[in-house]
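Could you open the model in your viewer and keep the selection panel at hand? We will walk through it stop by stop.

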Amino acid sequence: MKDAAPQTIYLADYTPPPYLVDKVHLTFRLDPEKTRVISKIDFRPNPASQSRDFFLHGEDLRLIRAAVNGAEITPEIDAQGLRCDVPEGPFTFEAEVEINPSANTALEGLYMSSGMYCTQCEAEGFRKITYYPDRPDVMAPFDVRIEGDLPVLLSNGNPGDAGEGFAEWHDPWPKPAYLFALVAGELVNHPGQFTTKSGKDVELNIWVRPGDEGKCAWGMESLIASMKWDEEVYGREYDLDLFNIVAVDDFNMGAMENKGLNIFNSSCVLASPETSTDANFERIEAIIAHEYFHNWTGNRITCRDWFQLCLKEGLTVFRDSEFTSDMRSEPVKRISDVIALRARQFREDNGPLAHPVRPQSFVEINNFYTATVYEKGAELIRMLKILVGDDGYKAALDLYFERHDGDAATIEDWLKVFEDATGRDLSQFKRWYEDAGTPRLKVSERWEDGTFTLEFEQMTPPTPGQDDKPPRVIPIAVGLIGPNGDEVRDTQVLEMTEARQSFRFEGLGARPIPSILRGFSAPVILERETSDAERAFLLAHDTDPFNKWEAGRALARAGLLRMIRDSAPADEAFLDAILAMVQDESLDPAFRALALGLPSQDDLAQVLHDAGDTPDPQAIWEALETLRHAMAEKMQDVAMRLYAQFQVTEAYRPDAAQSGARALANAALGIITRLDGGAAAQAQYDAAGNMTQQLAAFSCLLQAERGAAATEAFYDQWKDDRLVMDKWFMLQIVQATPDKAAEVTEHLTRHPDFTMKNPNRFRATLGALAMNSAGFHHVSGRGYALLADWLIKLDPLNPQTTARMSTAFETWKRYDAGRQAQIGAELDRILASPGLSRDTTEMVSRIRGA
Ligand code: TRP
Ligand code: ZN
């Protein structure tokens with residue numbers, strides 16, 4: 001059980017560890033209910049610390065014996081850990097503990113998943129394995145011996161001695177405990193090989209349950225591409241003889257970068273054309289890259305403490321986004337990232353959970369693996385790169401690796417390498433790490449005697465605990481387009497440092513149309529008075545693909561707001577513009593598919609709220625439906641043509657070209673379905689040779705309320721494949737009409753294949769309900785009650801996933817008094833649950849507010 005009165009931890013209270021570790025030796029005697037962990041740890045006093053308080057973290061451990069320098073001791077033990085007297089100078093601490101992996105449903109520490117043993121130690125799971133200074137600034141080489149009668153016994157590093165019933169591992173690279181991993185089970189491997197740029201051979205493996213061997217080829221291909229890319233672009237070579245990946249069914253997040261032994265949620269590594277969509281393939285490629293890139297940005301250089309989490313996560317997300325841009329299409333990746341940033345991070349930054357990229361305090365660190373730390377953290381690095389230029393960035397990164405290899409570092413260290421490498425003062429830039437909230441960037445224009453002036457004003461609204469937000473440095477990429485559509489000024493980066501600032505462009509023949517914040521050069525909300533005519537002009541003429549897409553999006557949003565507020569009809573200007581764009585053969589099909597997408601329910605709710613309105617989820621849903629119908633009417637011939645034109649006839653490949661073509665054809669199918677009631681979708685469903693085609697058709701059929709037969713057929717075909725079944729659960733809920741969403745969800749939670757113990761399945765049902773915005777917020781309140789019921793049930797089993805999913809409620813203050821009262825009551829009901837975890841208590845209290 002976790003502590004009843006949870007403590008707040010502050011960055012300002014950081015002190016160095018009193019003791020450092022020179023060497024760790026662990027022996028595991030595996031048993032499903034009674035695993036023994038025998039540890040032998042060499043400590044020495046840390047000269048950088050005055051304290052001689054010897055404390056080891058440990059939770060839910062049964063201590064069998066402990067010794068210091070070979071002499072048995074009786075330590076003082078509480079719910080957090082162990083204390084004992086130790087000699088002056090170096091000494092050896094030994095312990096034997098017993099733990100119960102079968103009873104571990106929290107999926108943190110050592111647990112069992114589908115018959116295999118596996119671990120998850122980040123952030124603070126190692127303390128559930130044995131007594132240890134479980135903090136990232138204590139780094140040590142680990143030797144591990146695993147005993148158990150299972151064919152595959154894995155840990156970090158390079159393999160040592162092995163034989164009947166045991167295996168030994170040596171990890172020469174000092175690491176914090178959160179990077180420890182162990183896996184044991186009846187696994188089979190998909191092998192691979194990589195030769196590093198200095199000629200070292202590395203053995204690669206993807207380990208899976210028997211039956212999944214056929215789903216590993218893509219992961220291996222992605223791993224090899226990642227290793228090569230990190231050598232070529234960042235000069236980073238792999239540093240062990242072996243790199244293992246293991247697929248695990250029960251996992252709280254996507255994947256984990258344990259040194260030399262990455263552990264993956266099976267949904268983030270297993271792929272085959274028949275069972276995975278193009279989007280799955282792309283995501284797997286990105287996550288394999290992400291975890292691999294952590295080997296340098298996270299493992300060789302780690303974090304001093306958990307407040308510095310963005311040091312590894314922001315940088316590694318930035319690196320994986322660069323990798324995806326290089327492997328696929330840069331503009332398409334950028335647009336998708338910004339859609340996700342606005343949907344998840346802006347939502348967080350403008351609500352009760354807003355926090356700085358580097359938080360100042362936390363109760364439960366698991367609650368800070370957020371879109372702000374990850375995605376906004378990556379945006380900050382992207383801005384840094386824009387500000388110092390490509391060469392400056394390269395010099396800074398080279399210095400970072402040289403200066404900090406082997407360190408547990410801080411954001412101050414990170415910024416210092418940029419300052420030292422480029423001579424730039426980054427003290428103002430640091431505010432991006434310290435201040436929460438999304439800046440509003442207001443721009444107005446003046447035209448006088450051939451001079452065009454852009455005047456910017458920045459303002460960041462208050463966030464919990466932070467009222468004043470001094471101005472930040474904002475890189476604003478701007479280009480100017482002449483009235484005839486020609487670009488009259490190339491992209492130029494304006495550096496805004498004041499609260500208000502003007503920039504002049506001289507010697508222009510005519511008043512230009514500005515294209516502002518090209519490539520989304522900063523994570524801000526741009527506020528600009530403009531007309532639909534101007535938006536349509538930019539959509540047609542902007543040379544910056546991001547802003548071209550953005551102009552279309554702005555046009556769609558403006559039209560939708562008029563539909564929602566004034567029941568206006570669908571906007572003809574938007575329909576004309578989008579019709580022209582979708583037929584423009586010079587544009588990438590993937591880009592055209594994106595341009596056909598509309599702003600999400602949640603996006604529109606946020607915009608309405610920002611403008612001082614109270615969003616009505618039902619009205620937003622109806623406006624979106626009306627607009628989709630109008631698009632279908634307008635585009636029917638074009639949609640048919642595109643659908644035929646973009647059928648892929650070559651053998652399936654998940655590459656950018658083929659996925660782009662399928663995305664556009666499937667977007668066209670969505671339009672066609674609005675008019676033919678599902679005939680074309682049924683034909684595609686029946687003929688589908690891959691999951692991308694099958695799922696798109698299934699989704700159209702559900703949307704047209706013609707999905708009953710497909711729902712049954714899909715189940716019969718895929719009932720033995722968990723990952724495909726997650727799609728089956730999810731799609732039925734996401735595509736349910738608002739009045740049916742809660743009912744469909746409730747029905748599916750009674751399905752024999754539903755289980756709340758598997759986080760993927762739980763997310764595929766209850767998470768899907770939250771994704772169906774109009775259904776979740778249906779005025780009946782059933783959606784709220786159903787989610788709260790299940791969060792209350794899940795919390796005792798899996799606090800981490802419960803807390804994460806409670807964020808479905810984070811936007812509640814946007815809505816009307818009736819909905820606020822309903823949600824408020826559900827939040828109170830959750831908070832009143834006996835024994836509620838520290839994770840969920842912290843999250844729900846923050847959402848609930850004062
Ligand atoms: N460090 C992991 C990553 O971003 C994510 C992670 C943190 C994680 N905590 C976790 C994964 C708990 C699984 C479970 O790559
Ligand atoms: Zn990561």
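This is a predicted model: local features need pLDDT of at least 70, side-chain atom pairs count only at pLDDT 80 or more; totals for chains, interfaces and linings use all residues.

Residues are numbered from 1 along each chain as its sequence is written, chains are lettered from A and ligands numbered from 1 in the order in which they are written, and side-chain values use heavy atoms, with hydrogens and water left out.

**Stop 1: the ligand**

Select ligand 1 and show what surrounds it. There are 15 residues around it, the closest being E122, E257, E291, E313 and Y374 (a residue is near if one of its heavy atoms lies within 4 Å). Now look for polar contacts (pairs of N or O atoms within 3.5 Å). Y374 has a polar side-chain atom 2.6 Å from an oxygen atom of ligand 1, and E313 has one 3.1 Å from a nitrogen atom of the ligand. At H290, a side-chain N or O atom is 3.4 Å from a ligand oxygen atom.

How much of ligand 1 does the protein bury? Of the 360 Å² that the ligand exposes when taken alone, 97% is buried (accessible areas by the Shrake-Rupley method with a 1.4 Å probe).

Next, colour by element (DSSP runs: helices are H or I of at least four residues, strands E of at least two). β20 (255–256), α2 (278–293) and α3 (309–327) each give two or more residues to the shell. Colour by domain as well (bounds from an automatic or database assignment): ligand 1 lies between domain 1 (9–298) and domain 2 (303–434), because both give residues to its shell.

**Stop 2: the second largest pocket**

This pocket holds about 1200 Å³ of space. Here a pocket is an open set of points on a 1 Å grid over the protein atoms alone where a 1.4 Å probe fits, with protein on both sides within 12 Å along at least five of seven lines; lining residues have an atom within 4 Å of a point. Select I9, F55, H57, R127 and R135, the closest to its centre among 43 lining residues. β1 (9–10) and β4 (55–57) each give two or more residues to the lining, and β4 gives the most, with three. Domain 1 and domain 2 each supply at least three.

**Stop 3: two loops**

Go to the peptide bond from E122 to A123, which is cis, with omega near -5 degrees. A123 sits in the loop between β11 (116–120) and β12 (140–147). Finally, select S114, in the loop between β10 (109–113) and β11; its phi is near 45 degrees, a positive value in a residue other than glycine.

Key:
Grid points are joined across faces, edges and corners, and a volume is the space filled by probe spheres set on the points. A polar contact is a pair of N or O atoms within 3.5 Å; within protein, one must be able to donate a hydrogen and the other to accept it, and residues adjacent in sequence count only if both atoms are side-chain atoms.
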